[in-house]
Amino acid sequence: MMIRITRIATTIAMLLIVIGICLTGAQDTSAADRDKLLSEPGVYGTFATFRIDDEWRRLDRQTRQAHLTALRNVVEHHKDTLAIDTYLLQGLSDYADILVRVHSTELRANQQFLLDVIATPFGAYLTSATILNGLTKKANYVPGFPDQMKADLKVPSESGLYVAVIPIRKDAGWWALPQDQRLAMMQEHTEAALPYHKTVKRKLYHSTGLDDFDFITYFETAKPDDLHSLILALSKVKEARHNKRFGHPTLLGTIKTIDQLVEALGR
Ligand code: HEM
């Protein structure tokens with residue numbers, strides 16, 4: 001009897017959330033320009049990872065499905081104003097089970113989305129594992145590179161099934177170096193990395209003061225072995241000696257649309 005009442009209450013709560021989302025969603029007029037948010041400077045990227053409590057897996061299938069539907073509705077609701085990407089870390093990373101990457105020009109919009117996720121019935125079973133915040137900026141060093149290197153960097157990179165997120169903290173010595181010395185080291189960094197430019201798609205976020213790191217480096221690839229070789233190649237250049245913290249966490253997972261994520265978790 002008690003279980004039935006709880007189920008009815010959960011269903012009513014879910015219906016209210018869905019109705020609320022539909023009503024507020026109707027007020028959105030502008031659709032987020034996903035391409036712009038993912039390519040322009042001045043955009044905030046928030047990376048949030050969550051662990052799913054074991055208790056959730058013990059819930060019946062119907063309740064879990066209802067929880068995942070509410071999660072999907074929150075993503076759908078915010079899709080008009082934010083660029084939202086979802087990933088499954090479960091099985092490849094022991095830091096967390098899922099990763100969400102959110103982009104907007106207002107950091108508080110990223111926060112509101114994550115608060116809305118936490119407010120769903122599924123959110124009650126999520127534990128936040130890591131939150132990283134970064135800002136996209138215009139290239140600092142590329143304008144000083146030789147023309148051939150600039151041209152090589154313009155060749156499009158290919159994405160793939162896999163994602164890796166590696167936050168990096170530089171040492172004080174790095175920031176104290178004059179720009180021309182950092183430029184020379186970043187040129188060496190780029191020379192070492194260019195052989196992997198085609199198969200490893202990258203994105204850089206500046207996070208000094210926005211979390212405990214200086215940079216969030218983000219990669220998509222079909223070839224994790226290339227990512228591995230790339231990191232080894234970069235660890236040999238002088239700039240790498242200024243990495244005070246590299247990873248911790250290194251997040252590795254697979255890229256999933258929200259529908260694919262819901263399907264994977266609902267199994
Ligand atoms: C696909 C291969 C890669 C290429 C072609 C590449 C290229 C570059 C370029 C051109 C810059 C300078 C951006 C600017 O002008 O501001 C840069 C910056 C940076 N890269 Fe890479 N990179 C690659 C992979 C990596 C990897 C694997 C890491 C570490 C996990 C990394 C870490 C960084 C960091 C932390 C910066 C910022 C340095 C600073 O502004 O002080 N990169 N990269």
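Reader: By class, which residues make up the shell around the ligand?
Author: In this predicted model, the shell around the ligand holds 16 nonpolar, five polar and one charged residues.

Reader: And how many residues surround the ligand, and which are the closest?
Author: The ligand is surrounded by 22 residues. The closest are Ala139, Asn140, Tyr141, Val142 and Ala193.

Reader: Which elements give two or more residues to that shell?
Author: They are strand 5 (162-170), helix 8 (179-193), strand 6 (200-206), strand 7 (215-221) and helix 9 (224-234).

Reader: Which of them gives the most?
Author: Helix 8 does, with four residues in the shell around the ligand.

Reader: Turning to the chain, what does the secondary structure come to?
Author: The chain has ten helices and nine strands. Of its 267 residues, 27% count as buried.

Reader: What share of the contacts with a separation of 6 or more comes from residues 24 or more positions apart?
Author: Such residues account for 83% of those contacts.

Reader: Another topic: where is the cis peptide bond?
Author: The cis bond joins His248 and Pro249, with omega at about 10°. Pro249 lies in the loop between strand 8 (243-246) and strand 9 (251-256), and His248 is found in that loop as well.

Reader: What is phi of His248?
Author: Phi of His248 is near 50°, a positive value in a residue other than glycine. Most residues other than glycine have a negative phi, and most peptide bonds are trans.

Reader: Does His248 count as buried or exposed, and why?
Author: His248 counts as exposed because it has 12 C-beta neighbours inside 10 Å, and a residue with 12 or fewer is classed as exposed.

Terms used. Residues are numbered from 1 along each chain as its sequence is written. This is a predicted model: local features need pLDDT of at least 70, side-chain atom pairs count only at pLDDT 80 or more; totals for chains, interfaces and linings use all residues. A residue is buried if 20 or more other C-beta atoms lie within 10 Å of its own, exposed if 12 or fewer, and partly exposed in between; C-beta atoms are placed from the backbone. Two residues are in contact if their C-beta atoms, placed from the backbone, lie within 7 Å. A residue is near a molecule or strand if its C-beta atom, placed from the backbone, lies within 6 Å of it. Ala, Val, Leu, Ile, Met, Phe, Trp, Tyr, Cys and Pro count as nonpolar, Asp, Glu, Lys and Arg as charged, and the others, Gly among them, as polar.
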